[in-house]
Amino acid sequence: MKLSRLLEDYPFTIDEGEDLLDLEITSVTNDSRKIEQGGLFVAIKGYLMDGHDYIGKASEKGAAAAVVSEFRKDVKIPQIRVENPREALSRLSAKLLGYPTKNLKVIGITATNGKTTTSYMLDHIYLEAGYKTGLIGSVMIKSGDEFVHSELTTPESSDLQKIFLKMAEDRVEKAVMEVSSSALELYRVNDVDFDIVAFNNFSREHIDQHGSLEKYYEAKSSLIRKAKSSAVAVLNMDDENTISMKEHTKARVITFSTKDPSATLFCKNLDLSSGRGRFTLVVQEGFEGLNRWVPQGEYPVSLKVPGFHSVVNALSAMAIAMADGVDAKVCVKAMETFGGVERRFQYIYDGDFIIIDDHFANTSNIDMTLESLVKLEYEKLHLVYAIRGNRGPVVNRENLETLLKWKEKLHMDEIIGTKSVEFVTDKDRVTKEEIRTYESMLEHSGLEVHLYEELRPAIEYAIDKAEKGDVILLAGSQGMDHGARIALEYIYRKGIEEDRESLFSVLRDRVSDMS
């Protein structure tokens, strides 16, 4: 596409003659390593690096021009100055590729907790209904039968538009994506045409990144506030922060609740006595979905996955699917066969002792995980804790405060911390300040405190100490992604289990530890 056409209706200033507008642009990216011959490089000032410092490298790799927020004199390629390069990256990427989401049914799900599970549940419902699906989230990116491991919950806008283009070319019918607060704040989804948006819950998380709870909420809720008038917004009536968006969106609102029978979808007669939710799904009154009327009715639901949080996530997923025309009975059948998501309170090993793997990302997630854990019958807990790197002291302090709140109920006398240095990249590297937070928070906890540089010896230590009836919890986000495989490899080497194929079957199709 000609640069002149690409920049149509977008305010800009150029540093030399109009001739550069005749340049033919082949691609758009903010990563100098991904520049192709004739590509447009967008220089973005980030938290740690300034893209303007990489214009020279982009030029060497064949960049035709650079989009900047400030002109650089020592640059050999033409420069186009814009007010907001992040916004420009999204707009120009989408325009160059022909706005691919216009040809897809796109569903965006945001929440502090549960957006991964909800997106997987929804994908499972769509598959049960016979649709070809795409999935974008913190675990993987999938287009039809192809998938790759995710680097970010929501990819950079230029990469995201390429993913959607591939989905359109693969004839994907439903594209489900997790939408992070970072993606919303950093304009990554600015030019995604959402048909359905959902906001499940809101609590403290990413405070260091956003600067305040108010800014975090502003970013999170913008998915609902900016939804188009022809879209549907699905909101959790039991969360005051999400339901408050009902008055601040042009989209048609559908609600769900476990408490309020006036919700569009209501969970009646909830029974969690077995750990797995059983309830009656009530569509109190019929409602208008995207393309069809959804009739009222009552449907018995039995979930395969445990916990109250699974009930909430299932309600959201079923509300979205029903709004999108999937029959209620198909939704219910899908929820009865949904087996869960990797690293979400996932049983990795169940022998003389149990190993559970959980991403332990934030305070509310930790609360839900440990609440589920205290309901189990076990002798002793061995907690291997991958410190959350590069998230700041506030997040790490709050996570540890939440953990310690449960200490007396957890049958634990030590904590096995690890920096997981052999597996994390710079964006997840544990800082010295975060180590100080870890040590100071636990100093007077009454627990024996360990700190390992690497993940492998921390897990092996826990397995060596585990006795019959004990539980090992592999707890942590990016730093613990490889934990389950390490644990099972060590169990096999020790001769605890002899059937390797059966032992490792739980990791089949797992993508969180893909290299």
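The model is predicted. The protein chain holds 17 helices and 24 strands. Its radius of gyration is 24 Å, close to the 24 Å that the globule rule gives for 515 residues, so the chain is as compact as a globular protein of that length.

**Overall build**

- The C-alpha trace spans about 75 × 55 × 45 Å along its principal axes.
- Of the 515 residues in the chain, 58% are buried.
- Among contacts with a separation of 6 or more, 67% join residues 24 or more positions apart.
- The accessible surface of the chain is about 22,300 Å². Carbon and sulfur atoms account for 46% of that surface.
- The chain carries 65 positive and 84 negative side chains. The centres of these two sets lie 2 Å apart.

**Strand 24 and its partners**

- Strand 24 covers residues 471-475. Five of its five residues are buried, so the strand is largely enclosed by the rest of the structure.
- In a regular strand, side chains alternate between the two faces of the sheet.
- On one side of strand 24 sit V471, L473 and A475. On the other sit I472 and L474. Both faces are covered, and all of these residues are buried.
- Strand 20 (354-358) is one of the elements that the buried residues of helix 16 pack against. Strand 20 also pairs with strand 24 in the parallel sense, over five bridges.
- Strand 21 (residues 381-386) runs parallel to strand 24 as well, and five bridges join the two.
- L474 in strand 24 stands opposite D357. L474 also stands opposite V384.

**Helix 16**

- Helix 16 spans residues 483-493.
- Its buried residues are G483, A484, I486, A487, L488, Y490 and I491.
- An α-helix has 3.6 residues a turn, so residues three or four places apart point the same way.
- G495 follows helix 16. The phi of G495 is positive, near 80°.

**A319 in helix 10**

- A319 lies in helix 10, which runs over residues 308-323.
- The relative accessibility of A319 is 0%. The cut-off for buried is under 20%, so A319 counts as buried.
- Leaving aside residues up to four places away in sequence, A319 touches V234, I254 and L265.
- A319 and E489 are 170 residues apart in sequence. Their C-alpha atoms are 41 Å apart in space.

- Five strands form an open sheet in the order 1-5-4-3-2, with mixed pairing.
- Strand 1 (13-14) and strand 2 (28-29) stand at the edges of this sheet. Each has a single partner strand, so one side of each is left without a neighbour in the sheet.
- Strand 1 runs antiparallel to strand 5 (residues 79-81), and two bridges join them.
- T13 stands opposite R81 in strand 5.

How values were computed: Residues numbered from 1 in each chain as written. Predicted model: local features only at pLDDT ≥ 70, side-chain atom pairs only at ≥ 80, totals over all residues. Heavy atoms only, no water. Helix = DSSP H or I, 4+ residues; strand = E, 2+ residues; numbered from the N terminus. Rg over C-alpha atoms; globule rule 2.2 N^0.38 Å. Buried < 20%, exposed > 50% of the residue type's maximum accessible area, 1.4 Å probe, protein only. Contact = heavy atoms within 4.5 Å. Areas by Shrake-Rupley, 256 points an atom, 1.4 Å probe, with all protein chains shown as cover. Lys, Arg positive; Asp, Glu negative; His and termini not counted. Charge placed at Lys NZ, Arg CZ, Asp CG, Glu CD. Pairing = 2+ DSSP bridges.
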